[in-house]
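Here is a short report for a reader meeting this protein for the first time. Please look over the sequence and the model, then read on.

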Amino acid sequence: MVANARRGQMDIVRPVLVLVGRTVLGLLLSSVFSVIGIGIAWSMFVFFGAVSHATLLVLFMIGAGVGAGLGSYVAFLRVDWIPTAPILAAMGLTLLLAGMGGAWGGFLFGANQEVECCVGPAVTPISYMALGATVGAIAAALGMSIARETKVRTGWSKFHSSTANSAIGTPSETEGFPQ
């Protein structure tokens with residue numbers, strides 16, 4: 001009886017801890033990748049000879065969004081349940097677009113900050129762009145992950161076995177893994 005109660009508690013706590021861990025990892029990866037994306041966008045601007053400020057801002061938003069989307073995609077990718085290629089592509093595209101939208105929102109927020117006379121802002125709009133891209137991509141990835149967990153836990157869909165679509169191995173090799 002006690003073992004069943006403990007198992008029921010772990011069934012509730014484990015998914016929450018996994019989501020918290022993936023969120024922290026996603027925040028780290030998304031923020032690093034978004035800054036790397038901004039760096040790549042800056043080098044593209046310089047080496048391709050673009051001169052427009054609007055082009056620079058668009059490249060920054062795309063670079064930050066792609067980096068943050070890629071970071072959150074890696075953090076929230078599940079190796080025990082690998083969906084089909086169209087679902088993976090849709091998830092990736094959604095996270096990239098959420099990262100780019102977050103970068104745009106972060107830039108708009110940073111550009112409207114009050115700046116006193118003769119002093120530059122303490123945090124530039126480009127920093128807000130990286131932060132917005134990270135928040136947008138993580139929010140989208142967390143929403144998709146919660147929706148998937150809810151769908152699987154409430155029985156809305158069939159459980160996809162880890163051996164059906166995975167490179168882990170045959171069923172005899174994965175018997176010790178939780179299903």
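## Val58 on helix H2

Val58 is found in helix H2. Helices here are DSSP runs of H or I with at least four residues, strands are runs of E with at least two, and both are numbered from the N terminus. Val58 is partly exposed, with a relative accessible area of 45%. Buried means under 20% relative accessible area, exposed means over 50%, and partly exposed lies in between, with a 1.4 Å probe and protein chains only. Ala41 sits 17 residues from Val58 along the chain, and their C-alpha atoms are separated by 9.0 Å.

This is a predicted model, in which local features need pLDDT of at least 70, side-chain atom pairs count only at pLDDT 80 or more, and totals for chains, interfaces and linings use all residues. Residues are numbered from 1 along each chain as its sequence is written, and side-chain values use heavy atoms, with hydrogens and water left out.

## The overall build

The protein has four helices and zero strands. Along the sequence the pattern reads α-α-α-α. Of the 179 residues in the protein, 30% are buried.

Contact means heavy atoms within 4.5 Å. Among the contacts with a separation of 6 or more, 72% join residues 24 or more positions apart.

H2 has 24 residues. From first C-alpha to last, H2 reaches 34 Å, close to the 34 Å expected at 1.5 Å a residue. That expected span is 1.5 Å times one less than the number of residues. Ser52 caps the N-terminal end of H2. One of its side-chain oxygens lies 3.2 Å from the backbone nitrogen of Ala54. A polar contact is a pair of N or O atoms within 3.5 Å; within protein, one must be able to donate a hydrogen and the other to accept it, and residues adjacent in sequence count only if both atoms are side-chain atoms.

Gly65 also lies in helix H2. Is Gly65 buried or exposed? Gly65 counts as buried, because its relative accessibility is 0%. Leaving aside neighbours within four places in sequence, Gly65 is in contact with Leu96, Gly99, Met100, Ala103 and Ala133. Gly65 and Phe33 are 32 residues apart in sequence, with their C-alpha atoms 9.1 Å apart in space.

Ser30 lies in helix H1, residues 2–47. Ser30 is buried, with a relative accessible area of 0%. Its side chain reaches the backbone nitrogen of Ser72 at 3.1 Å. Not counting residues up to four places away in sequence, Ser30 touches Gly67, Ala68, Gly71, Ser72, Thr134 and Ile138.

Gly26 is found in helix H1 too. Gly26 counts as buried at 0% relative accessibility. With residues up to four places away set aside, Gly26 touches Ser31, Ala75 and Ile138. Leu142 is 116 residues from Gly26 along the chain, yet their C-alpha atoms are separated by 9.4 Å. Thr23 has its place in helix H1. Thr23 counts as buried at 17% relative accessibility. Beyond four places in sequence, Thr23 touches Phe76, Ile138 and Leu142.

H3 has 27 residues. From its first C-alpha to its last, H3 reaches 39 Å, close to the 39 Å expected at 1.5 Å a residue.

Which residues of H3 are buried? They are Gly92, Leu95, Gly99, Gly102, Ala103, Gly106, Phe107 and Gly110. An α-helix has 3.6 residues a turn, so residues three or four places apart point the same way. What covers the buried residues of H3 includes H2 and H4.

## The second largest pocket

About 350 Å³ of space lies in the second largest pocket. A pocket is an open set of points on a 1 Å grid over the protein atoms alone, where a 1.4 Å probe fits, with protein on both sides within 12 Å along at least five of seven lines; lining residues have an atom within 4 Å of a point. Grid points are joined across faces, edges and corners, and the volume is the space filled by probe spheres set on them.

The second largest pocket is lined by 20 residues. Trp81, Ile87, Met91, Met144 and Arg148 lie nearest its centre. Helices H2 (53–76), H3 (85–111) and H4 (125–153) are the elements that give two or more residues to this lining. The largest share, seven residues, comes from H4. The lining divides into 13 nonpolar, four polar and three charged residues. Ala, Val, Leu, Ile, Met, Phe, Trp, Tyr, Cys and Pro count as nonpolar, Asp, Glu, Lys and Arg as charged, and the others, Gly among them, as polar.
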